[in-house]
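Please open the model in your viewer, with residue selection and distance display at hand. The stops below each name something to select and then say what is to be found there.

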Amino acid sequence: MNSTIEELVQSLTLEEKAGLCSGRDFWRTKAVERLGIPAMMMSDGPHGLRAQKPGSSLPNDSIEAVCYPAGCAAAASFDPTLTRRMGAALGREARAAGVQMVLGPAINIKRSPLCGRNFEYYSEDPFLAGELAAAFIQGVQGEGVAACPKHFAANNQETRRLTVDSRLDERTLHEIYLPAFETAVREGRPWSLMCSYNRVNGVYASEHRQLLTELLRDSWGFAGFTVSDWGAVNDRVQGLAAGLDLEMPGSGGVNDARLVEAVRSGALDEAVLDKAAARILNIVLRTADLARAPAENGAANGHALAVELAKESAVLLRNLGALPLHPGQKVAYIGAFAETPRFQGGGSSHVNTRGAVGALEAARRGGRTVQYVAGFPADRDQRDEPEFLRAVAAAESADVAVIFAGLPEFFESEGADRRHMRLPDCQNNLIARVAAVQKNTVVVLHTGAPVECPWAEDVSAVLCMYLAGEGVGEAADALLWGDANPAGRLPETWPLRLEDTPCYLDYPGDGVTADYREGVFVGYRWYDARRMAVRWPFGHGLSYTGFVYRDAALDRPTLTEDGEATLRVRIRNSGAVPGSEVVQLYVSDATGAPAPGGRAPQALRGFQKVRLEPGQECEICFTLTARDLSHYDERLHGWYAAPGRYELRLGHSSRDIRITVPLQFETQRFPPLTVDGTTPLGLLLADPRTAVTAQKLLDGRGGDGDGLMPPEAMAQMLDATPLRELTDCSAPDGLLAALRRDVDAS
Ligand code: BGC
């Protein structure tokens, strides 16, 4: 504890210390005026400031602010410099509004496309989510404002989100649901972190000592304070003891009194309360200094930035040639989203924005001639026959039909999960009809998560804007007409249908528990392991230009436990227009080592976005360590990579690998191996420590089953045979002892 903070804590009364650990109201901590401790103001959120209007206590009465691309879109940029810039812009706006803490980024993993809050979250992949989150945090905090990654942890559904018990095994928790938080903490160094509402394996996240203290602080080095999600406190005393510092929004003093009572009765060590108060004070004082020097005009140029970020975040999913549009073409815009685009989601992240310019208005402002027919409404699933037919006729008589489709607001929101993955029928039907009469049909999507696209093979092009913020219309206009080149990549798989998704049978659970039975097979890990066809794979995204990969090379053929290897590759823009490529690096374990719980065929371990002029070439390099090859091993309670061969796959998407480079890994570290009479021979043969001795045992036996069974079956029988069947396990100098010596020697 810093000495001034420590002194300050010592000057606080017990009641004041308890009071500091909960909010005064919905958005503020308590001031302690006699000691000059100011209140700290916080506000949502991840993609725009939702700061309460000064003097107002009405719910959702927030100041006007810039609405940047929501998490779903920002993640599609595959660009940490973009989330850093967004964070910095938010930080400046926050300072100008007197806000010291921004409640974001939201980084939970997208376990199912149905989660109502997926639009706020980044990805199905922990590596991508972590890198983007760390940069966002650095951006916000670079302005002197605290960031607050949320919601820790395993909060992947809205159904019964306040009480549901997420049940998952140790490996799945550590390999899929925690790493984004770990990277956010280790690289972003956030000054605060928000715990989630739900329980994790039976314990409320707000009381989870293993998560809030052992992992977060002791293992990852988190140095800020933890805050409850709004109303997530279950047992305040237990929560504080487990590592939950600040309760928001507060309990009207009830829980403060409980803390005081617990200290007085000896149930809670006062030193624990002191620590929590000190952690909060530390950030209150740190951010107060900058709050005294607010940024000028925080939202200046905010709209221009929102447009720029939206352009970088859109994903061109398909293009048989209808895009980009050309000035000489007769173009029909269809769908009410052209006029009133959907660009943000509902719930606590909702920004009171000045509004977005639709693509139709953007086209008009740019002097483009387009015909417009609404065709269907943006806010409901309702078919109006004459309007439907007018849209079909307009499409038929045009050179190109651009349909602006998407999910109405009430389809996806915080607080509720979707029940299906379909667009409204009125939209699907119109798209199918238009595609039947117009070969140059383009669909522009405004959704916060994947939808089923039954018409995908029948249209010429699909451009996904996700929920792109207030710059959506201007960005769509620039991308459709080729003034900007699409550069986004999918941060999640778009499956063919809901029934294909990894947790289809278990999501969202029975209302009491959510069993994560799919384990680590989330997102592309699932589709790849099952070799399933998908609509569009993770990492996918097209461009108006092409890229050539060449000369991939490692600086060494072998990586060791504490070493590093550098992989280089050259990328060239082989087309006629400037464009950005996202070079993706996937690692595949080809060691053949036994994989308890199964191994995903590949995992993203690096990505870099580069902008290249036509003909321009550059070199990209990735640095790899043992952790990049590792999976979480429950036997070690830690990360582990088996020795042997790995494949480094460089590609344009998870299913468009351009170059594969082998890498050998050497290690003397092994997971524990128990050798006793019940150990199957196969385990010993597969383990480098015991393989030689075990093979001797096998060689000594001779025989091939006397032709009773095929050799493969015989091999499997031997593989399964326990040691006690093969040797006298009680002999002190026997084989069992030799095998144990092998293991101990390593
Ligand atoms: C949400 C948080 C949000 C908080 C304050 C909660 O309901 O889950 O993400 O920051 O409200 O608005």
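The tour goes through helices, loops, aromatic rings and charged side chains in turn.

This is a predicted model, in which local features need pLDDT of at least 70 and side-chain atom pairs count only at pLDDT 80 or more, while totals for chains, interfaces and linings use all residues. Residues are numbered from 1 along each chain as its sequence is written, and side-chain values use heavy atoms, with hydrogens and water left out.

Select residues 80–96, which form helix H4; helices here are DSSP runs of H or I with at least four residues, strands are E runs of at least two, and both are numbered from the N terminus. Helix H4 has 17 residues and reaches 24 Å from its first C-alpha to its last, close to the 24 Å expected at 1.5 Å a residue, where the expected span is 1.5 Å times one less than the number of residues. Among the buried residues of H4 are Leu82, Met86, Leu90, Glu93 and Arg95, buried meaning under 20% relative accessible area, exposed over 50% and partly exposed in between, with a 1.4 Å probe and protein chains only. Just after H4, Gly98 takes a positive phi of about 75°.

Next select residues 385–397, helix H14, whose 13 residues should span 18 Å at 1.5 Å a residue; the end C-alpha atoms are 19 Å apart, which agrees. Glu387, Phe388, Ala391, Val392, Ala394 and Ala395 are buried in H14. Looking down the axis of H14, you will find that these buried residues fall within an arc of 160°, so they line one face of the helix; the arc is that of the directions from the helix axis to the C-beta atoms. What covers them includes strand E10 (331–334), strand E11 (370–373), strand E12 (400–406) and helix H15 (425–437).

**Loops with particular backbone geometry**

Which two residues are joined by a cis peptide bond with omega near 5°? Select Gly104 and Pro105 to see that bond; Pro105 is found in the loop between strand E2 (101–102) and helix H5 (126–141). The peptide bond from Phe152 to Ala153 is cis as well, with omega near 15°, and Ala153 lies in the loop between strand E3 (146–147) and strand E4 (165–167).

Move on to Arg189, in the loop between helix H7 (179–188) and strand E5 (192–195), where phi is near 45°, a positive value in a residue other than glycine. Arg189 counts as partly exposed because its relative accessibility is 48%. Arg531, in the loop between helix H17 (524–529) and strand E16 (547–554), also has a positive phi, of about 50°, although it is not a glycine. With 77% relative accessibility, Arg531 counts as exposed.

Then select Asp687, in the loop between helix H19 (681–686) and helix H20 (691–701), which counts as buried at 12% relative accessibility. The side chain of Asp687 makes a polar contact with the side chain of Arg689 at 2.8 Å; such a contact is a pair of N or O atoms within 3.5 Å, in which, within protein, one must be able to donate a hydrogen and the other to accept it, and residues adjacent in sequence count only if both atoms are side-chain atoms. Leaving aside its neighbours within four places in sequence, Asp687 is in contact (heavy atoms within 4.5 Å) with Phe670 and Leu673.

**Aromatic rings**

How many aromatic pairs does a search of the whole structure find? The search finds 16, where rings of Phe, Tyr and Trp (its six-membered ring) pair if their centres lie within 6.5 Å, and planes under 30 degrees apart count as stacked, over 60 as edge-to-face and the rest as tilted. Select Phe127 and Phe607, an edge-to-face pair at 6.0 Å centre to centre with 90° between the planes. This pair links distant parts of the chain, with Phe127 in helix H5 and Phe607 in strand E20 (residues 603–612), 480 residues apart. Both Phe127 and Phe607 are buried.

Tyr524 and Phe538 form a tilted pair, 4.6 Å centre to centre with 35° between the planes. Tyr524 lies in helix H17 and Phe538 in the loop between H17 and E16, so the pair ties together parts that are 14 residues apart in sequence. Tyr524 and Phe538 are both buried.

**Charges over rings**

Finally, select Arg199 and Tyr204: the charged end of Arg199 sits over the ring of Tyr204, 5.5 Å from its centre, by the criterion that NZ of Lys or CZ of Arg is within 6 Å of the ring centre and within 35 degrees of the ring normal. At the last stop, Arg627 lies over the face of Trp639, at 4.0 Å from the ring centre.
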